[in-house]
Amino acid sequence: MLTDFDPSRAGKTFYDLSPITGALDGLSADYVCCINNGTGPSVLLCGGIHGDEYEAQIVLRRLAERLEPADVTGRVIIMPSINFPASQKGKRLSPFDGQNMNRFFPGKAEGTPTERLCAFMTGTLFPAVDLLIDVHAGGSDVSVVPMVFGFTTPKSVVDDAGLKRLMEAWGYRFVQHVDGIDETACGAAKLADLASIEVEGGGGRMKSAELTIMEDGLLRALAAYGAIKPKLEPVPFSGVHFTAGPEGQYLAPEAGLVEHLVSLGDEVTAGQRVALLHPAAGERSAPKVIASPMPGYVLRQTEHAFVSPKQLIGNIGTPLEG
Ligand SMILES: [Zn+2]
């Protein structure tokens, strides 16, 4: 663990994370940045749990550099790249243990590098804040529409109404409602009675517009939470609350080459043609039609042209009633 770590130290302090994992094959360790300015709300922003979700890491590194104590009311903790062993190798998972970090929370202080980093977050950072914002992205394999989803507990400082208000403050069109998984960062937060919000967006090649959407959303949300002074005009929510489950996924029936017929965020009807699967070989050129399994909105699409049998081509979210 970090010997001199004090998340309540006044001002802005960067702490090197290398003592948590020890030396790892010449990698530069990353940092956690704690910014304190008096009393007020407290929040932990975490990025890069999946190492190849780089939009989150770029945006959080930028925020950690730019936010000064005078911008903050209370406490903002930023860890841009918690899974630095994976991200610095261009991987989703740490090559040092092969573990999917978002299935190993709350972690183990004496475990693998992945488990130790998880344990630092849950054991040391969670008790210092009232809200976790866990920023993900599509990664190398899929693109995902900008969206948020979150969790409270009966004992969390942020309650259901507060969570809804915050999620709608992002300025995003899509707010998802899911049950969650205990072994994720948000799942571990729930077990610790800490409210949490997971952010999604981007994926595939890095696009400037998606970085801007992610950064602007975080700035709006942090201001709505009261943790930073407002830097952007609030955007009134006019989006969609929705759910998404396995029944909304459309998978490749066989190996082939994907042509998407719809875009992320598009509204589709049940049975609508959402993709074509072209044969990768043979004398036949006619593609198979992939139809939407249900009405709703396109949330994710594969970034790959070639897909294997049963590989995800995309998925659909269903708007909630009312
Ligand atoms: Zn992720």
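Which element gives the largest share of the lining of the largest pocket? The share from β6, 4 residues, is the largest.

The model is predicted, with local features needing pLDDT of at least 70 and side-chain atom pairs counted only at pLDDT 80 or more, while totals for chains, interfaces and linings use all residues. Residues are numbered from 1 along each chain as its sequence is written, and side-chain values use heavy atoms, leaving out hydrogens and water.

**View 1. Lining of the largest pocket.** There are 33 lining residues, and Arg103, Phe149, Glu198, Glu200 and Arg300 lie nearest the centre. A pocket is an open set of points on a 1 Å grid over the protein atoms alone where a 1.4 Å probe fits, with protein on both sides within 12 Å along at least five of seven lines; lining residues have an atom within 4 Å of a point. Two or more lining residues come from each of β6 (142-151), β8 and β17 (312-319); strands are DSSP runs (E, at least two residues) and helices are runs of H or I, at least four.

**View 2. Largest nonpolar core.** Of its 38 residues, Val76, Leu131, Ile133, Trp170 and Leu218 touch the most other members. Such a core joins buried Ala, Val, Leu, Ile, Met, Phe, Trp, Tyr and Cys residues through side-chain atoms within 4.5 Å, buried being under 20% relative accessible area (1.4 Å probe, protein chains only). Helix α7 gives 7 residues, the largest share of this core.

**View 3. Surroundings of Leu218.** Leaving aside residues up to four places away in sequence, Leu218 touches Leu45, Val59, Leu60, Leu63, Ile133, Val135, Trp170 and Val199 (contact: heavy atoms within 4.5 Å). A second, separate core has 29 residues, including Leu17 and Val32.

Conventions:
Buried means under 20% relative accessible area, exposed over 50%, partly exposed in between (1.4 Å probe, protein chains only).
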